[in-house]
Amino acid sequence: MLVAVAAALPLAYLVLIVAGSADTALETIWRERTAVLVARSIALTVAVTATAIAIAVPLAWFTVRTDLPGRRLWTVLAALPLVIPSYIGAYAFLSATGPQGLLQDLVQPLGIGSLPSITGFFGAWLTLTLFTYPLLLLPVRASLRRLDPELEEAALAMGRSQAGVFRTIVVPQLVPAIGAGSLLVALYVLSDFGAVSIMRFDSFTTSIYTLYKASFDRIGAASLAALLVALMLVLLWLEARTRRREALYRSAPGSARTMRQVNLGRWRWPALGFCGAVATLALLIPVAVLVYWSLQSFAGSVDWPAVAAATGNSLLASGLAATAAALCAVPIAVLTVRFRGPFAMAVERLSYTGHALPGIVVALALVFFGTRVVIGLYQSLAMLVFAFVVLFLPLALGIARASMLQVSPRVEEAARSMGRSQWSVLRTVTAPLIAPGVLAGAALVFLTAIKELPATLILAPIGFETLATEIWGATSVGFFERGAVPALVLLAVSAVPLYLLTARE
Amino acid sequence: MSSLSCTGLAKAFGVVRAVDDFTLELEGGTIAALLGPSGCGKTTALRLIAGLERPDAGTVTVGGRELAGPGTFVAPERRRIGVVFQDYALFPHHDVAGNVAYALGRGADPARVREVLELVGLGEHGARPVHELSGGQQQRVALARALAPTPELILLDEPFSNLDAGLRERLREEVREIIRRAGVTALFVTHDQAEALSIAETVAVMRDGRVEQLGTPEEVYSRPASRWVAGFLGEIEVVPGEAADGRVGCELGSFAVEPGLEGPVDVLVRPESVAIAISGPERAASAEVIGRKFYGHDQLVELRLASGQVVRSRRLGFPAWHPGDRVRAWVDGPTDVLPRAPAEAGAGRQ
């Protein structure tokens, strides 16, 4: 219960601040600049989502339903960009094309003075699209695989053409998955800080950060944050609605049969080209750029102590967050699954608050909290870990609850009828059964926390540099060489929990 | 070998009264069935006895020890009652022997584990993971696990419902043998009449949260306490009759009944107790065959009596009867006589 209330605390505090100075807050919100900001953010969100759909749906179809050569390889490659944080992607593109960038170095001898910059809307759009489309790809793929092939066969038997079947049978069934995936992408874009700040595109999150950092205009920052949260809540509400509808489209269990494979024929060359282009842009270029800059910095001098310190700090903060989130998730999962009731429902709802909050909003709320209520906590490691727990508890809780739901109450009752007390049953039966799920949740929290940028930027103790802040710091001042090694280390460190997570499936 | 006694047990979930005034007495060492249609509260009754649910009212006593009653509630882990669940509820993180050892508690004697596994015929399978076992083997592990701590009473919830028909038949016999050898009082829940009648020594027929009749399989089948029990346990014909001076007469004959039963009555006859022949005893009624269904080993012959009432007679498959045959029909076998009343409650017995 304590955990749940604590998780909801930042939001409550934010509302309190904004309400406490409603006049100033309203003034901020009604300013013309704010309207422009809303319009820009929405434009970016819509553009990214639309492009991501255009990339993800064909990719999903190629890799699930056609005889595309190397389907397995493309399946893995297409999902991989998900592990690249948006700010590393932005760093890679900017450092490749920007002033003093990789391309610039290459074309300099040819007498080309300066390349057109990709910063601004274009850069933000490109980066966010390339690193968020997997959020759409995964649900669409899953949905395609679940489709009942008999429906399509029935339509074919009724004399419809292949294309007609795709249009009238397949697409309508994919709509819920596309909707759910789009909303995930939209939520990501709205709450993203790394890519937009590196690409110098003014969005909600960067404006909040600037207001907070430059002028310490806390009411202004809080008001914008509240507006952003409101926008995200609308999206979440939409997401919940599509998810409810999704159930209608699911085919009966047991109907999973071999999929009909579409023979691409001559079309497989354009299809391969498409997959290749996406993989090149979203995976090959960023990794190549990182490697290039790393080699450059090896040739020069790498500040190894700084890299080591940042790595240690990242591991420490994310490790603590993962442990704390897992420890908090277990009692909540047990409570909400086994002892359902109004109390448990309330605890569960509160625990999921973090899901609706961008990192920067939680960080901001905690700054207020730390400077006004619990003075000692401001800019302490504990505060940072707490912010991570608030943000990522839903991830750990989701998996812990899912594994708790798989434990039959009969099994626990059987143990009790054998003379074990409730506590002993929890220890000897329930705990071993949910342990894999809890561990997976911890791994997921670790993976997400180590990438988190804005909360780390705002809440980390002074001098506490992590890999994420190193990369961001280096990029925002144009020292591309300095960011490469931390970025590679971050990707390498993330690979371990990611492997643990996927090996489980 | 402990006796079980439940009196006035009640349990409601919200407005649904799952168990209501449930009363049951079993002698120690009995193998008893709790039989009823789905939704009658059988499983809830079982869970109340096991202590997995807390009763709203009533008492549970096992071997003279009160486990639940006004001001008393013994936790399930202190009841010494073994439970075999419908889906077996085996611990997926332990192997076969581990499941049994868990029931014996810390420092379980490996010899005892082996002994119990041998009792259920799984002596060689101790090291196997439970998910590798067949349904029948899982069932026996669950039974071994429940029997291991030598409980006073063992409860089985629909123990055979997850098995296919052939295996079910065989396992019923086996399980009955195992329980008998373990010498424990057992109560199993089932909705399958044949299952209850064939393996139990005592059958409690349950309806709407209470026990409607308790008796041996023969008693509940041939002397049902109500028309509902009669109909639930098998096909039944109801023939109107008249009782007077310790005898009852109806269209299919007359027989002695307990004195005290007077006036209009219903005579309950199972089709296999309706005999037919070309010529019959004096008390037989004349009837006409109007239909016949042939099942191989037997046939069900539909008769219209002189009064116009239609009754069925189950006969061996040979000789064949045909619609239009004029026959004599009479009762040859057990019958049950209940006062004719619209309500079934409080129905008397012959």
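Two residues are taken to be in contact if their C-beta atoms, placed from the backbone, lie within 7 Å. By that criterion, residues 24 or more positions apart account for 64% of the contacts in chain B with a separation of 6 or more, and in chain A 82% of the contacts between residues at least 6 apart in sequence join residues at least 24 apart. The structure is a predicted model, in which local features need pLDDT of at least 70 and side-chain atom pairs count only at pLDDT 80 or more, while totals for chains, interfaces and linings use all residues. Residues are numbered from 1 along each chain as its sequence is written, and chains are lettered from A and ligands numbered from 1 in the order in which they are written.

Helices (H or I, at least four residues) and strands (E, at least two) are DSSP runs numbered from the N terminus. On this basis chain A holds 22 helices and zero strands, whereas chain B has eight helices and 21 strands. A residue is called buried if 20 or more other C-beta atoms lie within 10 Å of its own, exposed if 12 or fewer, and partly exposed in between, with C-beta atoms placed from the backbone. Buried residues make up 46% of the 505 residues in chain A and 43% of the 350 residues in chain B. Along its principal axes, chain B has C-alpha atoms that fill a box of roughly 75 × 45 × 35 Å.

In chain A, the axes of helix α14 (residues 304-338) and helix α17 (residues 381-406) come within 6 Å and cross at roughly 45 degrees; axes are lines fitted to C-alpha atoms, for helices over the stretch in contact, and angles run from 0 to 180 degrees between N-to-C directions. The two helices, α14(A) and α17(A), are therefore oblique to each other, given that angles under 35 degrees count as roughly parallel, over 145 as roughly antiparallel, 65 to 115 as roughly perpendicular and the rest as oblique.

Chain B contains an open sheet of five strands in the order β16-β20-β17-β18-β19, with antiparallel pairing; two strands pair if DSSP finds at least two bridges between them. Its edge strands, each pairing on one side only, are β16 (274-277) and β19 (310-316) of chain B, and the twist averages 45 degrees from one strand to the next. Within this order, strand β17 (residues 285-294) and strand β20 (residues 326-331) of chain B pair in the antiparallel sense over four bridges, and B:Ser286 stands opposite B:Arg328 in β20(B).

Another antiparallel pairing in chain B joins strand β15 (residues 263-269) to β21(B) over five bridges, with B:Val267 opposite B:Val337 in β21(B). Four of the five residues of strand β21 (residues 335-339) of chain B are buried, so this strand is largely enclosed by the rest of the structure. Helix α1 (residues 42-50) of chain B is mostly covered, nine of its nine residues being buried, and among them are B:Lys42, B:Arg47 and B:Ile49. Just after α1(B), B:Gly51 takes a positive phi of about 90 degrees.

Where the chains meet, the contact takes 17 residues from chain B and 14 residues from chain A. On the side of chain B that touches chain A, the elements that give two or more residues are β7 (81-84) and α2 (96-104) of chain B, and the largest share, three residues, comes from β7(B).
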